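The sequence and the structure come first.

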Amino acid sequence: MRRVYMDANATTPLLPEVMEAMRPYWMERFGNASSIHLHGQQARAAVDRARETLAEFFNCHAAEVVFNSGGTEGDNTAIFGLLRADDHFVTTSIEHSAILEAAQRLAGRGVETTFVAPAASGLIDLEEIRRALRPETRLISVMLANNETGVLQPVEEIGQIAREAGAFFHIDAVQGAGKVVIDVRRFGCHLCSISAHKMHGPKGIAAMFVRRGTPIEPLLVGGSHERRQRAGTENVPGIVGLAKAAELAMQSLDDGTIPRLAALRDRLEAGILRIPGTGVNGSQAQTMGAPGPAFGTWESTNPVVLVPEQSSKSNDCHPERVRHGGRVEGPASSSSHDNAGAPGPAVGTWESTNPVPRVANTTNIWFDQLEGEALVIALDLKGVAVSGGSACHSGATEPSHVLMAMGLDKTRARASLRFSLLKTATEADVDYVLQVVPEAVKRLRQLSPVAAGTAR
Ligand SMILES: Cc1ncc(COP(=O)(O)O)c(C=O)c1O
């Protein structure tokens, strides 16, 4: 059976060049980069070279690159490293749980967080960020690209807002890295986290940009590694692999890979949208008859505020739940476009649309009258790997907090699937997926309790 992996936003395989670059550092060049003998010097030289590559990747100085274990560590470091009791934190309700749960934990330590909700398109409205600011706002954290919808946020403009407000700005660029150019100077951020395994590097290794002078407390102490910003013996093979992956990612931003990928994604999307009762989450802004500027014009929702003394003690990161503990306004008002009953190429057929920027490899599609989990399993049985939500939530029955924040109802959020293409995806992969998805949808709809009206 053919196998097509369309879950690149969960993780990606190593590229062969990455494997080859890492290989010597497991065995013959096994040294500890802190040792002064030859083995140590070899390891140190490899780490130094990797740091230079990452500096090019971020567009920063080598001394501003800190290696760590993953996007989760980078996100946690930004929050726990900067925020103290009585600080105010602004983030969004569509962040990864590495941000949301860190904010939740800090609520118990006297840090108040405002979660800005997105518009129905998945975009964060700049005015909402402005409105969330307070004199005591110390940190703003907004993701570059959303892991579920691929929607790109206006980080450059948010960087400007942070500058005007005198707040620190962190970007979770885990899902943007390798898909769009990362330029921390242009973004105007103080901190930026990426992760190797989302861009064909190894798991458990990552890097973070920390702007010189940013007063961040390390999460881990115990050694002078990484200029005292992250203690622990360096993962030299991982660091070498990350650097190779970053180098290849920079090349593929220049060599036509991204437009090719966007064309494949668009073909996949248009093909799936021929199925009646489907639509894309997070591809079109609602312009209500008058396409406007790219950001900030459509109706948006009020922020969710998590205040320390009222915060829920649970570990739950879902903003929906957070609402019960904090001062809260209502959910996003509207939803994505609906082409139910109108088969045909959907792209370009909406009455009035204004595409929002997305990374090239991702589409998130709802299917009326079925359970997303059932479709994920049916497709897996046909050799197609996709995701019914972000990977960290798979297996959970809760609908995606991202889609809910965009205003989808629970049924539609549960009936949504994320297709995220590897940069090595081919036309044949897309053809195969377009062959099996309509069949699987048809069969499941015939069996579906949702279709039969008997679902909870
Ligand atoms: C947007 C985003 N941030 C952070 C992370 C966590 O990264 P890691 O798996 O490297 O800890 C992920 C992983 O899915 C992600 O998608």
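Which residues of β7 lie on one side and which on the other, and are they buried or exposed? Leu191, Ser193 and Ser195 lie on one side of β7, Cys192 and Ile194 lie on the other, and all are buried. Buried means under 20% relative accessible area, exposed over 50%, and partly exposed in between, with a 1.4 Å probe and protein chains only. In a regular strand the side chains alternate between the two faces of the sheet.

The model is predicted: local features need pLDDT of at least 70 and side-chain atom pairs count only at pLDDT 80 or more, while totals for chains, interfaces and linings use all residues. Residues are numbered from 1 along each chain as its sequence is written, and side-chain values use heavy atoms, with hydrogens and water left out.

**Strand β7**

Strands (E, at least two residues) and helices (H or I, at least four) are DSSP runs, numbered from the N terminus. Two strands pair if DSSP finds at least two bridges between them. With β6 (residues 168–172), β7 pairs in the parallel sense over 3 bridges, and Asp172 stands opposite Ser193. With β8 (residues 206–210), β7 runs antiparallel and is joined by 5 bridges; here Ser195 stands opposite Ala206.

**Ligand site**

The ligand is surrounded by 13 residues, of which Gly71, Thr72, Asp172, Ser195 and Lys198 are the closest. A residue is near a molecule if one of its heavy atoms lies within 4 Å of it. Helix α3 (residues 71–82) gives the most to this shell, with 3 residues. By class, the shell holds 2 nonpolar, 8 polar and 3 charged residues. Ala, Val, Leu, Ile, Met, Phe, Trp, Tyr, Cys and Pro count as nonpolar, Asp, Glu, Lys and Arg as charged, and the others, Gly among them, as polar.

| Protein atom | Ligand atom | Distance |
|---|---|---|
| Gly71, polar backbone atom | oxygen | 2.8 Å |
| Asp172, polar side-chain atom | nitrogen | 2.6 Å |
| His197, polar side-chain atom | oxygen | 2.9 Å |

Taken alone, the ligand exposes 400 Å², and the protein buries 87% of that. Accessible areas come from the Shrake-Rupley method with a 1.4 Å probe.

**Gly122**

Gly122 sits in the loop between β4 (112–116) and α5 (126–132). Its relative accessibility is 1%, so Gly122 counts as buried. Contacts of Gly122 (heavy atoms within 4.5 Å) are Ile94, Val151, Gln153 and Met406, not counting residues up to four places away in sequence. Gly122 and Leu403 are 281 residues apart in sequence, and their C-alpha atoms are 8.1 Å apart.

Conventions:
Polar contact = N/O pair within 3.5 Å; in protein donor to acceptor, adjacent residues only side chain to side chain.
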